[in-house]
Amino acid sequence: MRFLGMNLRLPWAAKVSQTAEALFRRVVGNEAWGIFPERNFAQYAVEGFKKNAVAYRAITLVSRGCGFVPLQVFQGKRLLPDTHPLNRLLKRPNPTQGGDKFMEAFVAYQLLAGNSYMEGIGPDGGPPTELWVHRPDYMRVTANALGVNGYYFDCGVGAPKKWTADPVDGTSPILHVKTFNPLDNWYGMSPIEAASYAIDQHNMAGKWNQSLLQNSARPSGALVYKNQTGGTLSEEQYNRLKEEINKAFSGPKNAGRPMILEGDLDWKAMGFSPADMDWIAGKNTSTRDITMVFGVPPMLAGIEGDTTFSNYAEARQALYEDTVLPTLQSILNDMNNWLAPKYGEDIQIKMNVQDLPAL
């Protein structure tokens, strides 16, 4: 299996069949070309989220923190009531999600892929009545000589969909929020890409530990064949002995089970030195690297150390001040350019941080 650090530059375009390319051309048209991301989102989601507890914890802390921050709508300096259409939309963006879950998903996709896509559904030219988050691996940017002129969506179910965008002022039903990427003009860079080696090391340390525990926390030893005549085991004898050892003496259920030897077999026990067993320090180092990339204090990811209430409270405050609030504010800046003007002049979406427990 290839890990994140070994397979970062697998181009999506190489996976697209000629049939898919032809379908893309029929939907998008010849006036634009599709730009395919060079990173494998599915691999990030599996190796860097589903299989790594630290990255899962870090992404969840930031994304849920962003969803937990209350939002308010202002017109100039005047706070608008909860009955305002934009306030209602932010509290219930669509029939299946509340505002907190919607923002959590939007931020989580950005942390996983470096890209998040928000679709506004409503009357043409009017304010949206629903907001939806789309999976970044289903979305493609289309462009012409002037810049981004649309977005293309294909989830493999139903007909693909296309939205147009004005390459000059960016007007589009789709809001594309991306992180900074020094080598790509169209797609953002996933934080998992920067943490890929640390995530690989952490995952491999976990697999190594699991294998070690399944073998009684040490390599059990070696069977040495001592034949006075200098002969060796036959192929049949070797396979039979190997099968009996795997069946009767391997695995955690057989830990400590005595072995009865006969003939010219001798047992040589083996063990690890304390330095070889010091894998915990290596896992902690990887954990610090992963949490550093996501802007999460290591204490909140379970690193042992000073875990007094005071230090934990300071870590939560640092998480919000250094990561959660700046991340959310960056998204709100884009929403204030894309969404708020549809509801009137001088409309702004702002955070209400007065009552946040962490602050």
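**Exercise 1.** Which side chain meets that of Lys-101 in a salt bridge, and what is the N to O distance?

*Solution.* The structure is a predicted model, and the distances below are computed from it.

Step 1. The partner of Lys-101 is Glu-104, with 3.6 Å from N to O. This value lies within the cut-off of 4 Å for a salt bridge.

Step 2. Helix H5 holds both Lys-101 and Glu-104. The two are 3 residues apart, which corresponds to about one turn of the helix.

Step 3. Lys-101 has a relative accessible area of 45% and is partly exposed, whereas Glu-104, at 17%, counts as buried. The limit for buried is under 20%.

Step 4. The pair belongs to a network of salt bridges that links Arg-64, Lys-101 and Glu-104.

**Exercise 2.** At what angle do helices H2 and H5 pack, and which residues make the contact?

*Solution.* 

Step 1. Helix H2 spans residues 41-50 and helix H5 residues 99-113. Their axes are 9 Å apart and form an angle of about 100°.

Step 2. Angles of 65 to 115 degrees count as roughly perpendicular, and H2 and H5 are therefore roughly perpendicular to each other.

Step 3. On the H2 side, the contact is made by Phe-41, Tyr-44, Ala-45 and Phe-49. H5 contributes Tyr-109, Leu-112 and Ala-113.

Step 4. By residue class, the contact of H2 with H5 comprises 7 nonpolar residues, no polar and no charged ones.

**Exercise 3.** Where does Asp-346 lie, and what is its phi?

*Solution.* 

Step 1. Asp-346 is found in the loop between helix H10 (309-338) and strand E12 (347-351).

Step 2. Its phi is positive, about 60°, although Asp-346 is not a glycine.

Step 3. Asp-346 has a relative accessible area of 52%. The residue is therefore classed as exposed, the threshold being over 50%.

**Exercise 4.** Describe the chain as a whole by its secondary structure, its burial and the sequence separation of its contacts.

*Solution.* 

Step 1. The chain contains 10 helices and 12 strands.

Step 2. The chain has 359 residues, of which 40% count as buried.

Step 3. Consider the contacts between residues at least 6 apart in sequence: 67% of them join residues at least 24 apart.

Methods:
Residues are numbered from 1 along each chain as its sequence is written. This is a predicted model: local features need pLDDT of at least 70, side-chain atom pairs count only at pLDDT 80 or more; totals for chains, interfaces and linings use all residues. Side-chain values use heavy atoms; hydrogens and water are left out. Axes are lines fitted to C-alpha atoms, for helices over the stretch in contact, and angles run from 0 to 180 degrees between N-to-C directions. Helices (H or I, at least four residues) and strands (E, at least two) are DSSP runs, numbered from the N terminus. Angles under 35 degrees count as roughly parallel, over 145 as roughly antiparallel, 65 to 115 as roughly perpendicular and the rest as oblique. Contact means heavy atoms within 4.5 Å. Ala, Val, Leu, Ile, Met, Phe, Trp, Tyr, Cys and Pro count as nonpolar, Asp, Glu, Lys and Arg as charged, and the others, Gly among them, as polar. Buried means under 20% relative accessible area, exposed over 50%, partly exposed in between (1.4 Å probe, protein chains only).
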